[in-house]
There are 2 protein chains.
Amino acid sequence: MNNDNECEIRFLPEGKRSRVRGGSSIMAAALKGGVDLANICGGKGFCAKCLVEVIEGELSPVSEHEKKRVPPEKLSKGYRMACQARVSGNVVVRVPDQSRIGRQRLVIMGKEPPVRLRPNVLKVFCELSPPTLENPVADDINFLRALGAMERGADADVEVFRKLPKVLREGGWKVTATLVGGRIVNIQPGREEGAYGVAVDIGTTKLAVFIVDLSDGNIVFADGIMNPQIRFGEDVISRLQYASQGRAAQEEIRQTITNGINELISKGLAETEIKQEDLYEMVVVGNTAMHHLFVGVDVGSLGLSPYPAGLGRPYDFRARDLGIGINPSGSIHVLPNVAGFVGADAIADILAAKLHEKERLTLLMDVGTNTEVMLGNRDGIWSCSTASGPAFEGAHISCGMRAASGAIEKVKITEDGDVVSYKTIDDEKPRGICGSAIIDAVAEMLRSGVMNASGSILPDGHRRVRQGPSGREYVLAYKEETASGREDIVVTQNDVREVQKAKAAMFAGYATLMRKSGFHRNDLSEIIIAGAFGSYIDPESARTIGMIPEVPLDRISFIGNTAGSGARMCLKSLDAREDARRVSESIKYVELASDPIFEEEYVNAMYLPNSALDEFPEIVAGLKAPLVVKRYIRR
Amino acid sequence: MNNDNECEIRFLPEGKRSRVRGGSSIMAAALKGGVDLANICGGKGFCAKCLVEVIEGELSPVSEHEKKRVPPEKLSKGYRMACQARVSGNVVVRVPDQSRIGRQRLVIMGKEPPVRLRPNVLKVFCELSPPTLENPVADDINFLRALGAMERGADADVEVFRKLPKVLREGGWKVTATLVGGRIVNIQPGREEGAYGVAVDIGTTKLAVFIVDLSDGNIVFADGIMNPQIRFGEDVISRLQYASQGRAAQEEIRQTITNGINELISKGLAETEIKQEDLYEMVVVGNTAMHHLFVGVDVGSLGLSPYPAGLGRPYDFRARDLGIGINPSGSIHVLPNVAGFVGADAIADILAAKLHEKERLTLLMDVGTNTEVMLGNRDGIWSCSTASGPAFEGAHISCGMRAASGAIEKVKITEDGDVVSYKTIDDEKPRGICGSAIIDAVAEMLRSGVMNASGSILPDGHRRVRQGPSGREYVLAYKEETASGREDIVVTQNDVREVQKAKAAMFAGYATLMRKSGFHRNDLSEIIIAGAFGSYIDPESARTIGMIPEVPLDRISFIGNTAGSGARMCLKSLDAREDARRVSESIKYVELASDPIFEEEYVNAMYLPNSALDEFPEIVAGLKAPLVVKRYIRR
């Protein structure tokens, strides 16, 4: 094998070519060449979603990961995991449909800073002296003494005690006890090492499950599905309404998410050959509504002013009580919530973004239908939630669509406003506009003078502006270019209004926190955007429309879907869990509903970028249209 | 009403008459007159088992207890509860068959010393400030702060959290929290007072359930049934064998007792109109095997040397985990066990007998198929268990029977050994001999010289001694006197041997503890006999045959079935529970199996009363037969 040469990898059926150094993985080549190939676990070798069929060429020997994860019948047909198979010469592979991310991006991974491994699960090997006629010590006392747990009392699960006498004798008075948070949840004959945990991120849209080896912190399984509660409504409010019908409805919706989680866990156990018994703890994050629907907390009051959370503190429930398919005696840790609309997922974001450790003032936003806005540093954090709406997910936008194949995801408009270039997902013919592109489009329309600071599409001088059925509209793609070939893809005046409302809500959330906390805009050092959708936003466009405050581009970063990251951090480390608790207890929450400052900032943020022009000097300098704004001050 | 006169009460159909002062209850008259009338709750007015039909005469007005407990159709026909209805003149009543104890005595009550009421269940009324837009505090934090439980952390049941938001609002931010041992198990809107507990005594033969009002310590319901596990075997060993077949068998036998308990609880709830929700704690006693079968602890090793208990410590399990029909979030407290054959019931006996508070050395024996022997005082307690066998329950005795109608329960034999007088249960014609009478018979045969100290029925000079099919036998009742009229009721040589073995085991248990503890026989101040059967034993007969050591008759007492008493004490008082724990931790247990001292004492105790004649000076002085004994000393 020659690792120094350059190898050419050809991907069928599209025929894309990519050149990498010998020793690189096929995945590396796919990433370099922009090939659509699933990379769910980030190339760690456990999701086995990146299978490719080797048509021609030599590859590294089949790895242990592949022996475990790739079905034998596929291995024998020459299928390999792209992240495992390394090249030493030219290779031709075929990417089967199942290995395409294509259709809909289901991003479940986010940035995850390393933590010191300090799980809540402890395995202790004990050697006991057998009872004698002279000293017929009871089995439990014998065991607890060996464990050194006699003094502090035995908080053990009934199932442990039920099998205790049998296990002690089966193991020849050598056993392994497993403790979760000091509670004895298992006893096994002999010496047993396996201890795994589950991190769960219950998003309103997506459900992600990760199995983590608690001995080294490695993810050994990760998978996501659409949140099966979607059948009760796509958004949080409609699910709360369904659940509020009564106990049975709430139980039905709880069972639905529980079943979804259990399905993913079962799949993970089957793939990894881990025993259910050895899954000892699960850490769950989600927004407050998802959290409550999962635990089964009555949500009748969650959507009602003053929007308090039902549960604010972190809790440890028992797997058996929640019907979760890990060890029935194991624990389910739910992270704390801050308020009805700032939940455990926001706490997870903070951990993953390390907001609570930042020296300088940092803005963290988790962009979604509700955008959680967190502003602060190690000295304290302010938070609020703002209803940014589903515009950025393509809803309420005339040609909007989710981020799927054929969605326009990037837009550029020339200085004169007449020539549009765009990029679609999977490079297919355009079928609509997804969230990142609608932000681009509005920013570009503003920059090129197609639209003024009030967000009005200007009537004259632009070829692509025309009168549509409900006001003026701007054509992004003429029907001839589109997948359907039947209709132009446009941005309507109404679409612009939707974007204005969404971005105004977000910015006003930030601005309200700035004013309440007494910080000055010059204090702001950094912006971090979380959320699956956020990863695709062009930071310059976001800044241009005033969705985020103006900081240098290199101080804007994207960390992806970090709710799951925070859950994994808390699963691996009691320190992270302690951080989560401390953050939740000290975080200052601002309820924006009927807050006059928010109202004022919202109205001003309807301007593009804002009526406070001095807050956006660089943007303002780059705009073509006349900047006519009116500052609104609430009496 | 005239309370000073004397009234005559006539009981039909037997026509027995009893005279009592005006104002006395019919029950008082029945007890005085020896009328067979059920008195299960001890006249407290909650069992409603003592219904009588009033034929003639005036009685006190129908009481509240009667309005609650006596079915209206019976009340209208003139049925009254004998313990409630008080007389002011002559009365004639009929005792229906259902109100007879007759058939089999199912004694569930025992002596119960008063305890300071300090239950583990606490109800706390809380008033909360509702959340506001300025302070939208989470419901759980709001609640825990009001409860003062924020600091110590919230060990609350998931069901409490599930309904928390709803209950807070239903109660207008005024709620009642219920804590069991500091764990929050319920939350109710407004102010709620009801808190009840259940005490359960799982005997090998009988199952007794008591519902106790934790606000005043009163028993509000008591009932007993045969232990439904009897279908898996009458004795402990056969049930252990059944359960040892495997997980399914053990689960089956566990379910059986659980169902039995739940049935009695349901009955109690229906009769008292208490809500299941308000039953917050249950305290369970039983011997170690019954305890383990109830919890579901593997019993595969319980019958095997060196006979350690599986669980020795007290535990609090959750009702939901054990499937017990109290509040599912409530607690099940199981008292500690000492060893495989000295269980939680022995600890309960100690509490009820106050053995752990005695100043002087006291012997406590719980007489049954296994007799638990406890010897000690407030400075320490020694214990052992001895296989006294079922002879005293009428088994292995040629004409033996359980204590039911027609059983001879008392026997006297004249000095010459020729005339027998006896008493039967319900004064029916004799059908057999029950335990108390077999002890009487052996004692009387010894006293009258029909038998020698070796237990051999002597061949000559006694009219009632004859050669039977398997050795000599003594006729207690000739067939003409019996219920069947077909066969004589006799005590055979073999019956005497069975009694010798049983009493030798019991005495040897005591004697072994005396020798191990280093006490002298003069130290022994008092003997207390517990156990349902024990109540009927004639203490003089027991002393005569050497079943118990020789102490003055006025220092021998009977406390009945005290396992349930101990359970109720621990339900009502954490102090009693603490006593139980301390006793179980400090009690010295002696395993008699293959103990040489026990073997020696056993052989010597086969003599009547014993080969150590100096231990029984008074008995020996009263005997007619030549006392030829041989002291056995093990080499």
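Helix axes here are lines fitted to C-alpha atoms over the stretch in contact, and angles run from 0 to 180 degrees between N-to-C directions. Helices themselves are DSSP runs of H or I with at least four residues, strands are runs of E with at least two, and both are numbered from the N terminus.

Now the ground rules. This is a predicted model, where local features need pLDDT of at least 70, side-chain atom pairs count only at pLDDT 80 or more, and totals for chains, interfaces and linings use all residues. Residues are numbered from 1 along each chain as its sequence is written, while chains are lettered from A and ligands numbered from 1 in the order in which they are written.

Start with a helix pair in chain A. Helix α4 (139-147) packs on helix α5 (158-170) at about 80 degrees, with the axes 10 Å apart. That makes α4(A) and α5(A) roughly perpendicular, the class for 65 to 115 degrees; under 35 is roughly parallel, over 145 roughly antiparallel, and the rest oblique. Which residues of α4(A) and α5(A) meet? From α4(A), A:D139, A:D140 and A:F143; from α5(A), A:F161, A:L164, A:P165 and A:L168. Contact means C-beta atoms, placed from the backbone, within 7 Å. The residues of this contact are 5 nonpolar, 2 charged and no polar. Nonpolar covers Ala, Val, Leu, Ile, Met, Phe, Trp, Tyr, Cys and Pro; charged covers Asp, Glu, Lys and Arg; the others, Gly among them, are polar.

Zoom out. Chain A has 17 helices and 26 strands. Its C-alpha trace spans about 105 × 70 × 45 Å along the principal axes. Of its 635 residues, 54% count as buried. Buried means 20 or more other C-beta atoms within 10 Å of the residue's own, exposed means 12 or fewer, and partly exposed is in between, with C-beta atoms placed from the backbone. Among chain A contacts with a separation of 6 or more, 68% join residues 24 or more positions apart.

Next, the backbone. Most residues other than glycine have a negative phi, and most peptide bonds are trans. Now the exceptions. In chain A, the bond from A:L608 to A:P609 is cis, omega near 0 degrees. A:P609 sits in the loop between α16 (596-605) and α17 (617-621).

Chain B has a cis bond too, from B:S305 to B:P306, omega near 5 degrees. B:P306 lies in the loop between α8 (288-295) and β13 (315-318). B:Y307 is in the loop between α8 and β13 of chain B. Its phi is positive, about 55 degrees. Is B:Y307 buried or exposed? Buried, because B:Y307 has 21 C-beta neighbours inside 10 Å.

Last, B:W173. Phi is near 65 degrees, again positive. B:W173 is in the loop between α5 (158-170) and β7 (174-180) of chain B. With 18 other C-beta atoms within 10 Å, B:W173 is partly exposed.

Terms used:
Contact = placed C-beta atoms within 7 Å.
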